[in-house]
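User: I have a structure open and have not looked at it before. Could you walk me through it?

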Amino acid sequence: MLWFNQEHRLQHASDGLLVTACDSDGVHRVLAIGDYHSVRPHYPDLTPTHWPGHWIAPGFVDLHIHYPQTDVIGSPAEGLLPWLTQYTFVHEAKFADAHHAHEVAEFFLDELLSHGVTTALTFATSHPASVTALFEAAQKRRLRLITGKVLQDRHSPDGVRDETEQSLIDTETLLQRWHGVDRLGYAITPRFAPSCSEAQLRGAGELAAKYPSTWIQSHVAENLDEVQWVRELFPQARSYLSVYDNFGLLRQRAVYAHCIYFDETDRTLMQRTGAAAAVSPTSNLFLGSGFFDFAAAQSSHMRHGLASDVGGGTSFSPFHTMLAAYTVGREGQTKPGLSLSPEQLWWQHTSGAAQALGLEGQVGNLLPGCEADFVVLDPQATPLLARRCAQAHNLSELLFAWIVLGDDRVIAHTVVQGQVVASKTQP
Ligand SMILES: [Zn+2]
């Protein structure tokens with residue numbers, strides 16, 4: 001059993017017991033976690049579910065993903081901007097059709113859960129129907145999930161481009177309908193600065209101030225061509241990041257994907273405002289965007305956590321993302337290279353990602369009071385993994401073996417709100 005203590009240190013019990021129960025507000029939460037023999041006497045009437053040979057760990061938190069790009073995964077292009085026009089906008093245009101949006105939303109949630117991801121901050125498309133479809137699907141499954149209508153009123157083709165005034169009305173209508181309903185949250189979602197007029201960004205900032213408990217999600221400083229484009233579009237801005245700051249879009253619960261081409265002033269701005277970076281390493285490697293500077297992020301105390309960024313990202317699997325994050329961290333030609341520990345990688349995809357969302361103590365961990373979303377891991381999932389794990393001398397080596405060799409086969413069960421919602425075998 002794995003969890004993090006209040007100091008963010010990984011704890012484990014090789015023979016553990018997790019006790020969960022439904023609170024008066026209808027949310028299933030952790031009551032106790034620890035060594036079986038010390039926890040069990042406090043709950044003599046329990047009938048435990050046994051998972052011998054398996055590990056219980058917090059459900060993973062994906063800080064940045066695009067559910068409408070489920071069918072875009074694995075589309076190669078000459079970098080970010082051609083990839084958007086050749087594949088992404090074409091697929092996203094289909095989400096004007098509510099039936100299509102519902103079908104993809106259900107498939108997307110199945111995929112997240114079978115990979116052990118129990119909470120995600122995800123883009124929808126510019127069509128309100130895409131947001132409604134995902135919220136309805138997530139509500140039915142009792143998931144903690146955050147999404148929002150994409151804002152993009154310029155430099156976008158017909159079919160995905162929205163209209164400034166209507167886009168802000170739609171955002172506020174959806175936000176009032178869904179934000180805080182059950183476990184759902186709304187994210188104000190400017191696609192990225194080049195796709196939004198100044199009036200749209202200003203309107204987004206005003207909504208963010210009016211509804212401070214909502215999230216904000218966008219992209220920043222992913223690719224050099226994009227950075228140059230922003231410089232031309234916003235010549236007065238000190239940097240790409242400061243464009244968002246100028247419109248009131250940096251604050252707690254604001255999550256920006258990528259954050260690669262930052263200087264120290266940008267990182268300080270992130271730290272000061274409480275905004276967080278969604279590091280998306282499989283996407284950055286696939287699109288050739290660049291390498292996130294983990295050392296600089298750590299030293300500036302900028303919040304950051306891990307994200308798949310599907311469909312620019314190449315996998316729903318948190319294991320693949322953690323391995324790619326390790327690889328990006330090691331890269332030492334464009335920035336200082338460092339070796340992220342498996343505990344750090346795991347934290348950035350669970351409790352650290354929850355902290356970036358302002359949901360620490362709710363998801364991404366299993367301390368008492370946390371919501372009961374967790375995974376059951378099988379260290380014998382493949383012959384190679386079983387062989388490698390058998391030779392691990394300590395917990396770090398075991399975690400590293402999972403990170404390097406793991407995928408959805410390791411996720412034996414995913415449990416949301418006390419219910420098994422995805423399983424390799426019968427629970
Ligand atoms: Zn993205």
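User: Fine, what should I know before we start?

Analyst: This is a predicted model, in which local features need pLDDT of at least 70 and side-chain atom pairs count only at pLDDT 80 or more, while totals for chains, interfaces and linings use all residues. Residues are numbered from 1 along each chain as its sequence is written, and side-chain values use heavy atoms, with hydrogens and water left out.

User: Which order do the strands of the open sheet have?

Analyst: The open sheet has four strands in the order 5-15-16-17, with antiparallel pairing. Strands here are DSSP runs of E with at least two residues, helices are runs of H or I with at least four, and both are numbered from the N terminus; two strands pair if DSSP finds at least two bridges between them.

User: And which strands stand at the edges?

Analyst: Strand 5 (55–58) and strand 17 (419–423) do, and each has a single partner strand, so one side of each is left without a neighbour in the sheet. The twist averages 25° from one strand to the next, where axes are lines fitted to C-alpha atoms and angles run from 0 to 180 degrees between N-to-C directions.

User: How many bridges does strand 15 make with strand 16?

Analyst: Strand 15 (residues 373–377) pairs with strand 16 (residues 411–416) in the antiparallel sense over five bridges. Asp373 has Val416 as its bridge partner, and Phe374 has Val415. Strand 15 also pairs with strand 5 over four bridges, again in the antiparallel sense, and there Trp55 has Leu377 as its bridge partner.

User: Is strand 15 covered on one face or on both faces?

Analyst: Both faces are covered, with Asp373, Val375 and Leu377 buried on one side and Phe374 and Val376 buried on the other. Buried means under 20% relative accessible area, exposed means over 50%, and partly exposed lies in between (1.4 Å probe, protein chains only).

User: Changing topic, how many aromatic pairs are there?

Analyst: A search of the whole structure finds 16. Rings of Phe, Tyr and Trp (its six-membered ring) pair if their centres lie within 6.5 Å, and planes under 30 degrees apart count as stacked, over 60 as edge-to-face and the rest as tilted. In one of these pairs, the rings of Trp55 and Trp402 have their centres 5.7 Å apart and their planes at 80°, so the pair is edge-to-face. Trp55 is in strand 5 and Trp402 is in helix 16 (residues 395–405), 347 residues apart, and both are buried.

User: What about Tyr326 and Phe400?

Analyst: Tyr326 and Phe400 also form an edge-to-face pair, at 5.1 Å centre to centre with 90° between the planes. Tyr326 lies in helix 12 and Phe400 in helix 16, so this pair ties together parts that are 74 residues apart in sequence. Phe400 is partly exposed, with a relative accessible area of 24%, whereas Tyr326 is among the buried residues of helix 12.

User: Which residues do ring pairs link into a cluster?

Analyst: Trp55, Phe60, Phe319, Trp346 and Trp402 are linked in that way.

User: Then what caps the N-terminal end of helix 12?

Analyst: Ser317 does, through a side-chain oxygen that lies 3.1 Å from the backbone nitrogen of Phe319.

User: And where does Ser341 lie?

Analyst: Ser341 lies in the loop between helix 12 and helix 13 (342–348), and at 23% relative accessibility Ser341 counts as partly exposed. Ser341 and Leu399 are 58 residues apart in sequence and 9.4 Å apart in space, C-alpha to C-alpha.

Key. A polar contact is a pair of N or O atoms within 3.5 Å; within protein, one must be able to donate a hydrogen and the other to accept it, and residues adjacent in sequence count only if both atoms are side-chain atoms.
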